[in-house]
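Visitor: I would like to learn how the descriptions of a structure follow from their definitions. Could we go through one together?

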Amino acid sequence: MRKKRYILKFPPQSGDKPLSYHLVRDYDIRINILKAEVRPGKTGSLVLELEGTKENLKLGIQYLEDNQVSCEPLDKKIHWKQERCINCGNCTAVCFTGALVMDPKNWELKFDPDKCIVCELCVPACPLNLFAIDFRE
Amino acid sequence: MGIQKTYEEINEKIRAGKAVVLTAEEVSQMALTASPEEIAEKVDVVTTATFGAMCSSGAFINFGHASPPIRMEKIRLNGVPVYEGLAAVDSYIGATACDPENPKYGGAHVIQDLIDGKDIELEAWGKGTDCYPRKYIKTVINKNTVNEIFLFNPRNAYQNYNVAVNSTPQIKYTYMGSLLPNMRNATYSTSGELSPLLNDPELRTIGLGTRIFLGGTQGFVVWPGTQFNTSKPKNEFGVPVSNSATLAVIGNLKEMSSEFIQAAYYEKYGVSMFVGIGIPIPVLDAEIAKRVSIRNEQIETTVLDYGVEGSPALGRVNYAQLRSGKIEVQGKKVRTAPVSSLSKARKIADILKKQIQEGKFEITKPVQMFPTNTSLQVLKEVKGGES
């Protein structure tokens, strides 16, 4: 079994399909919805944790993409300009899920995308403006 | 009578490449097994450092005269207002200055761009005088086209700083970072046992003229910093338990590096500037050896509620607790986060250590020591213009 977080984006016309129902029923994927912005007639965004066999995850994501839903691993949609980071720690103050933490050995910032729920609080918290999250279009 | 060393004796060792130099963290470890007397005998200099946001910072600049000349009475650098009340072409770039229309780019960003050698748009206005007939100029400058630029920070390197929490149900945006509601986080600054003024709490070796590491080059302590306060309560280890002494520092901006000076913008607060400072402390005797051996668990600071007017104190914690990731405030476990960079501070302390070991950085005996009996005034509101 594998568990991974994804950011889904779907066009207005796919909002009326029960996509998650099919993921669960047809591909035996366990879904944990971490964040959702779905409004009728608008492009929707969803942060999901998907858990299933490697093969089922692949097929499930293929199914989403066949329905014009883009599905990208969450860590690919979060941009942190690490080379400019001064390791001040301001972002860790607001990251209540513990995705951003200071390494207690060298006091440098560590980012664990598996703990991120795309709350986006780190974006304004960084005094150097080093975070960008590609959640909405 | 224990060991006594003079500044000159230590400098002779530095020049001979024989000085024993440790960082403040290293000496604190050494002190676990060595007595202050042994440390005073073996160690000559201890390096301390900090890299935090220091709002009371800025740079003097002289643009040079244009032809025909202008008496600059209103000045903008990349749109940021800078001080115009200094002769014709002198100015002071305050780190926190900004155009309210563009609040995320301020004086600190101008300073960083100057350090990085970038071109800056200069726009200035004057009324026109007999000796300065020009009324307007718009041109481009960089650090190589102007005369002097020197950083002159009125208040840096705070000796200790309080911890910030927020007890209200709303998030608070402060210079201590974003404080989550209901005390969901606590933020702290200073580099603890590595912090300069916590290693010399009585300022026995730091005073007017002390040579320091500033922003990547050699700078100097030039005055007690603003809000210099020696009256704060101290704990059993002789360390003040909240922000107390400060330093005014100076250095040549043209030699600095943006690795050690970084512009910052705090959400719904404004612009500030991270300043990297390293201060060498000569181990003149066992008493100083004892002071530089201080450990995080011996340095305490006060937790203040930034959500409530007057920022009431909610308790006292030490830096070992703060670094552990959790503190207890009024019976509640609160997650902690630093807002100054310990990794950068360590880097500065290491660089300074190496420079001293290689004979490139000598220690300085202060020309004058700082006062020991200062306290703070509050701004009283008197009825103006009514009598």
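Visitor: What makes the four strands of chain A an open sheet, and in what order do they stand?

Guide: This is a predicted model, in which local features need pLDDT of at least 70 and side-chain atom pairs count only at pLDDT 80 or more, while totals for chains, interfaces and linings use all residues. Residues are numbered from 1 along each chain as its sequence is written, and chains are lettered from A and ligands numbered from 1 in the order in which they are written. The order in the sheet of chain A is β2-β3-β1-β4, with antiparallel pairing. β2 (30–37) and β4 (70–73) of chain A stand at the edges with a single partner strand each, so one side of each has no neighbour in the sheet.

Visitor: What makes α8(B) close to the expected span?

Guide: The expected span of a helix is 1.5 Å times one less than its number of residues. For α8(B), with 16 residues, 22 Å is expected, and the reach from its first C-alpha to its last is 22 Å.

Visitor: How do you know which residues join chain A to chain B, and how many are they?

Guide: Two residues are in contact if their C-beta atoms, placed from the backbone, lie within 7 Å, and the contact takes 21 residues from chain B and 19 residues from chain A. β17(B) gives the most to the side of chain B that touches chain A, with four residues.

Visitor: Which element gives the most to the side of domain 1 of chain B that touches domain 2 of chain B?

Guide: The bounds, from an automatic or database domain assignment, are 7–54 + 157–357 for domain 1 and 64–146 for domain 2 of chain B. On that side of domain 1, β17(B) gives the most, with five residues.

Conventions: Two strands pair if DSSP finds at least two bridges between them. Helices (H or I, at least four residues) and strands (E, at least two) are DSSP runs, numbered from the N terminus.
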